[in-house]
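Please have your viewer open and your selection tool ready.

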Amino acid sequence: MAVRPGLLFLRLGASIALLLALSALVPSSDAYDPLDPGGNITIKWDVMQWNPDGYTAVVSLYNYQQYRHIQPPGWKLSWVWQKKEIIWKMFGGQTTEQGDCSKFKADIPHCCKRNPEVVDLLPGAPYSTQFANCCKGGVLNSWAQDSANAVASFQVVVGQAGTSNKTVKVPSSFTLRAPGPGYTCGPAKVVSPTKFISPDGRRSTQAHATWNVTCTYSQFVARRSPTCCVSLSSFYNDTIVNCPTCSCGCQNNNSKPGSCVEGNSPYLASVVNGESASSLAPDLVECTSHMCPIRVHWHVKVNYKDYWRVKITVTNFNYRMNYSQWNLVAQHPNFDNLTTIFSFNYKPLSPYGTINDTAMMWGIKYYNDMLVTAGPDGNVQSELLFRKEPGAFTFQKGWAFPRRVYFNGDNCVMPPPDAYPWLPNASPRLSASLTLTLITVGTAMALLLVHA
């Protein structure tokens with residue numbers, strides 16, 4: 001039976017619209033971060049000395065991410081040897097397994113595995129095993145927050161390997177876990193040898209060979225669901241806009257018992273004490289409508305003649321996780337006129353040069369740099385004072401609320417714009433609802449035509 005051209009066109013249009021709608025619902029696995037476009041962890045492998053059966057190298061991890069850090073229990077780095085290399089000795093790190101070294105009679109290697117996995121040494125390791133920038137338990141701070149502690153290094157003595165630039169083989173298949181998935185590493189690339197300047201600045205030496213590996217982070221690869229959400233409120237509207245329902249998952253104690261616990265449960269203490277508060281322990285969050293471990297609340301607090309004030313509260317709903325060296329990133333056009341911030345450290349981020357609309361905030365050392373587990377003390381707060389910019393400042397149409405919010409480098413789920421607290425005389429929800437109705441009716445008509 002022939003199909004009318006008009007009906008064929010409608011079917012094709014409806015199919016395209018359906019594909020576009022579905023693609024918008026699928027999270028992107030792209031590692032590009034618009035607020036930190038150059039962020040990555042670079043692994044630098046410097047061959048410092050040739051030995052009779054191999055070489056000695058210094059391996060360094062540089063966290064060039066502005067606000068994404070690695071917290072306890074720390075990073076794990078692995079690779080695959082191209083020949084039959086072994087590791088004779090290590091300083092500043094250790095492999096998690098020795099492997100089969102039974103063919104060695106006298107000197108026993110540190111590791112004989114073809115795919116060794118290396119971890120950092122713990123603080124307080126014996127001095128004879130240490131190396132520069134080691135022994136932090138795998139913790140790697142972000143570049144903007146603490147660049148001095150954003151580097152980790154270890155020394156490795158490699159045997160049964162090449163002994164010159166012509167015979168040495170570059171390791172492959174680098175994998176970085178922090179401590180779980182999330183990072184994707186590219187192939188090792190030969191680059192110009194690293195140069196080292198003497199303390200007096202009068203002489204430089206260089207590595208015999210240098211290889212670089214670049215690892216980028218994807219929130220979608222790290223977790224299938226978000227880890228934080230944003231709620232909003234204001235002095236000019238009694239409405240408190242909560243985090244969207246099921247932002248980080250939905251309550252499912254029927255099929256997954258123990259996925260959350262009520263805050264007033266009499267069994268709370270026994271359940272929480274069953275696991276330690278670390279990144280390895282499975283999340284146990286308080287039962288909420290959003291089910292997120294972290295909620296960031298943005299409250300427009302006061303309006304002055306020339307200034308306006310915002311209160312930010314970060315609440316931990318995770319009973320099994322302390323967030324050490326936490327940080328918060330928010331994007332708002334008025335950050336270029338931020339005058340005062342209370343009880344948080346602050347640094348402007350300008351990923352696109354002259355545009356200063358992004359702020360990074362973190363706790364003050366020994367005061368609130370640790371966001372402890374859920375409970376009465378599981379929150380940190382600050383207030384921000386902005387100077388009004390004539391011609392730009394307004395409370396209308398949700399302008400006073402942030403465009404993006406990140407916690408520990410993960411993008412938080414924002415409420416839909418039409419749910420923002422509006423000025424009393426504004427009525428955007430009517431037009432938004434009407435638009436939604438028209439879209440729904442149009443979609444239904446298109447589907448009816450397809451199946452006609």
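Start by selecting Trp326, which counts as buried because its relative accessibility is 0%. Keep in mind as you look around that this is a predicted model.

Show both rings: the centres of Trp326 and Phe344 are 5.1 Å apart. Their planes meet at 70 degrees, and since an angle over 60 counts as edge-to-face, that is the label for this pair. Trp326 sits in the loop between β20 (323–324) and β21 (327–331), while Phe344 belongs to strand β23 (residues 344–349). The two residues are 18 apart, and their pair links distant parts of the chain.

Zoom out for a moment: the whole structure holds 27 aromatic pairs. For another one, select Trp308 and Phe395, whose ring centres lie 6.3 Å apart. Their planes are at 85 degrees, so this pair is edge-to-face. Trp308 is part of strand β19 (residues 307–316). Phe395 lies in the loop between β26 (379–387) and β27 (404–407), 87 residues from Trp308. How accessible is Trp308, buried or exposed? Its relative accessibility is 0%, so Trp308 is buried. Phe395, at 10%, counts as buried as well.

Methods: Residues are numbered from 1 along each chain as its sequence is written. This is a predicted model: local features need pLDDT of at least 70, side-chain atom pairs count only at pLDDT 80 or more; totals for chains, interfaces and linings use all residues. Side-chain values use heavy atoms; hydrogens and water are left out. Rings of Phe, Tyr and Trp (its six-membered ring) pair if their centres lie within 6.5 Å; planes under 30 degrees apart count as stacked, over 60 as edge-to-face and the rest as tilted. Helices (H or I, at least four residues) and strands (E, at least two) are DSSP runs, numbered from the N terminus. Buried means under 20% relative accessible area, exposed over 50%, partly exposed in between (1.4 Å probe, protein chains only).
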